[in-house]
Amino acid sequence: MKVIGAGFGRTGTLSLKHALERLGFGPCYHMAEVAAHPEHVDLWRRAWRGEDPWAEIFAGYAAAVDWPTAAFWPRLMDHYPDALVLLSLRDGASWFKSATDTIFRSMREGLASGNATLQERLLMAKEIIVDGTFGGDLSDREAAIAVYEANVAKVRATVPKARLIEFDARDGWQPLCAALGVPVPDEPYPRVNTTEEFFDRWRRRTDPR
């Protein structure tokens, strides 16, 4: 593992996954990988309960961003002492609106659906993200933003400067490539997973037709 993402979902993490893979830090783990590997659901639950199944989860991966990884960055930075910690950033108010319109909404809808496989994955996410990270309440805007900002502050206070990369996707390739010590690609920085794109994918996953 070369790069550990400490930024919450909806801080440009899917674009960052594509960017890291383009730069040679791939494959990069993302919550989307859990859908492709349903056997990982139980591994993440075991991790939340104190086990360290990292070799099984991250086998073959060179980087990891987004949730569930973001909930475990303090343990992962100790487990992978040579890895860089990448803090993806976004204004707290903007992050909350985006998360509410996408992740939080889809979790509510998915948990109420009759899709057993989807529910199993979302119950894991609820345990780690909704209950474990946000205390069970995603509707309290000020409390959720406070949790988001506390995570940013904890990363900055905990991770040694030599290992920490702070990155805002609006800045594009240049600062990310400089921090990773790689050339800037001759192509635009990836811009994927807008709110509209998120729900296009979500509808395809949940539509029974």
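What percentage of the 209 residues in the protein do buried residues make up? Buried residues account for 49% of them, where buried means under 20% relative accessible area, exposed means over 50% and partly exposed lies in between (1.4 Å probe, protein chains only).

The model is predicted: local features need pLDDT of at least 70, side-chain atom pairs count only at pLDDT 80 or more, and totals for chains, interfaces and linings use all residues. Residues are numbered from 1 along each chain as its sequence is written, and side-chain values use heavy atoms, with hydrogens and water left out.

**Figure 1. Overall fold and dimensions of the protein.** The protein contains 10 helices and 5 strands; helices (H or I, at least four residues) and strands (E, at least two) are DSSP runs, numbered from the N terminus. The C-alpha atoms fill a box of roughly 45 × 35 × 35 Å along the principal axes. Of the contacts between residues at least 6 apart in sequence, 74% join residues at least 24 apart, a contact being heavy atoms within 4.5 Å.

**Figure 2. Surface and charge of the protein.** The accessible surface comes to about 9900 Å², and 52% of it belongs to carbon and sulfur atoms. Accessible areas come from the Shrake-Rupley method with a 1.4 Å probe; for residues, only the protein chains shown count as cover. There are 26 positive and 29 negative side chains, and the centres of the two sets lie 2 Å apart. Lys and Arg count as positive and Asp and Glu as negative, whereas His and the chain ends are not counted. Each charge is placed at NZ of Lys, CZ of Arg, CG of Asp or CD of Glu.

Figure 3. The 5 strands follow the order E2-E3-E1-E4-E5 with parallel pairing; two strands pair if DSSP finds at least two bridges between them. Strand E2 (28–29) and strand E5 (164–168) are the edge strands, each pairing on one side only. Strand E1 (residues 3–5) is joined to strand E4 (residues 84–89) in the parallel sense by 3 bridges. Within this pair, Val3 stands opposite Leu84, and Val85 is the bridge partner of Ile4.

**Figure 4. Strands E4 and E5.** The two strands pair in the parallel sense over 5 bridges. Leu86 stands opposite Ile165 in E5, and Glu166 of E5 is the bridge partner of Leu87. Because 5 of the 6 residues of E4 are buried, E4 is largely enclosed by the rest of the structure. E5 is mostly covered, with 4 of its 5 residues buried.

Figure 5. His40 belongs to helix H3 (residues 40–48). His40 is buried, with a relative accessible area of 5%. Not counting residues up to four places away in sequence, His40 touches Tyr29, Glu56 and Ile57.

**Figure 6. His79 in helix H5.** Helix H5 (residues 73–79) includes His79. With a relative accessible area of 41%, His79 is partly exposed. His79 and Trp54 are 25 residues apart along the chain, and their C-alpha atoms are separated by 8.5 Å.
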